[in-house]
Amino acid sequence: MELPPRRAALGLLGLLLLVAVPDLAKLSPGLQLRVVHEGVLFGLAAVGLNLLLRHTRLVSFGHAAFFGTGAYTAAVLASHFDVTSMLVLLAAATLFGTLMAGVVGYLSLRHTGLYFSLLTLAFGQLLYAVVIGRGYFGSSDGLAVRPGEANQALLFGVEFGSEVYSVVVYYLTVLVVLLSLLVMWRVANSPFGDALDAIGQNRTRARFIGIPVRRYVLAAFVVSGIYGGVAGGMYGLVQQHVRPEPTLYFLRSGDILFMAILGGFRTLVGPLVGGIVLVFLQDVGRDVTNYFDALTGIVLVALVYGFPRGIVGSLKAGSPFRRRLASLRADPSVAGAWLRGAWNAVVDAAARAGENLRIIIFGVN
């Protein structure tokens, strides 16, 4: 399968921007390497979750469990076993994230729909409770990755200064993300990906044509968990201190799910873009106002209404956004009709809300 020239050019532009982030961060004080790096890592976890969401139509509320497993694996090995190699820590984080996904997937995939989602949420919260209640994991304070003076993992035995370390780990992340996207693209366009699509459309029909549904969905769940483990391991190396709230709490699972939807869950790179955008908005919001959650929510609502297929999905050819943009170019006067339509929708919604409020208060319309 070959990429169209335009899509390949956009992909190359995105790659160049990703590579240039450390240099751009030096030029612009508003762009921080740490924020983009964090967004890329959570976006990578969202790419893994998207395999379930896009192909099997399963919604997991517990993918922070695999992200946190990867992060805590790196922290535990570095703190308690004095493992110093960056690559060994990353490999171990991937392995334990995979094992955790296998266990949770095996126990959760006996159900579908709402019960599957609740089971993944329950297992994620169970893991969070175990970590926060055990001193071995540092309880709510978390664990440092290589505590003490030597506060950084080593790459091929080489120790870097703090600024060089952050750039080296960032480019290692870019390499991991590129390989992960390539693997996901191959999976999505393989017979296995086609089988997952068939399962997502109709499980009974897929079973009748000979697809081992449960085994395939479990495999997809484990693959999605691998992405969470890798991203979590890299997160531990970047932050150098792992705490339960940012990695294992159930709201983090919601963030990962929202990143996939925000970027466009029907696309390959959409969840990655969604991760960067959401983390960036949250960081900017904290600098602007104490009500940053509300500000982020307002911006996200505007994005969802403006880009109903996600940011990347809405920019694809044939999307409603592209059709409206073409209409606007052909006849700019349609903008007035759109504004009037939007205003009428707001007035109608306010009228319905008032009517419902009168019924709630007075019991009659």
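The UniProt record, an unreviewed entry, places the feature "transmembrane region" at residues 35–53, 60–81, 87–107, 114–137, 164–185, 216–236, 256–281 and 288–307. The structure examined here is a predicted model. Two of these spans can be set against the fold. Residues 87–107 are 100% helix and 0% strand, with end C-alpha atoms 30 Å apart. Residues 216–236 are likewise 100% helix and 0% strand, and their end C-alpha atoms also lie 30 Å apart.

**Helix H9**

Helix H9 covers residues 213–239. H9 is mostly covered, with 19 of its 27 residues buried. Just after H9 comes glutamine 240, which takes a positive phi of about 60°.

Arginine 214 belongs to H9. Beyond residues up to four places away in sequence, arginine 214 touches Tyr106, Leu109 and Arg110. Isoleucine 199 is 15 residues from arginine 214 in sequence, and their C-alpha atoms are 9.4 Å apart in space.

**Helix H6**

Serine 180 sits in helix H6, which runs over residues 162–188. Leaving aside neighbours within four places in sequence, serine 180 is in contact with Leu44 and Tyr227.

Helix H1 spans residues 5–27 and includes leucine 24. Leucine 24 is also part of a nonpolar surface patch.

| Residue | Relative accessible area | Class |
|---|---|---|
| Serine 180 | 12% | buried |
| Leucine 24 | 33% | partly exposed |
| Arginine 214 | 41% | partly exposed |

The classes follow from the cut-offs. Serine 180, at 12%, is buried because buried means under 20%. Leucine 24 has 33%, between 20% and 50%, so leucine 24 counts as partly exposed. Arginine 214 has 41% and therefore also counts as partly exposed.

Conventions: Residues are numbered from 1 along each chain as its sequence is written. This is a predicted model: local features need pLDDT of at least 70, side-chain atom pairs count only at pLDDT 80 or more; totals for chains, interfaces and linings use all residues. Side-chain values use heavy atoms; hydrogens and water are left out. Helices (H or I, at least four residues) and strands (E, at least two) are DSSP runs, numbered from the N terminus. Buried means under 20% relative accessible area, exposed over 50%, partly exposed in between (1.4 Å probe, protein chains only). Contact means heavy atoms within 4.5 Å. Patches are made of residues with over 30% relative accessible area and no salt bridge: like charges are joined within 9 Å, nonpolar side chains (Val, Leu, Ile, Met, Phe, Trp, Tyr) within 5 Å. Accessible areas come from the Shrake-Rupley method with a 1.4 Å probe; for residues, only the protein chains shown count as cover. A salt bridge is a side-chain nitrogen of Lys or Arg within 4 Å of a carboxyl oxygen of Asp or Glu. UniProt positions are given in the numbering used here, feature names are shortened, and annotations may be inferred rather than shown by experiment.
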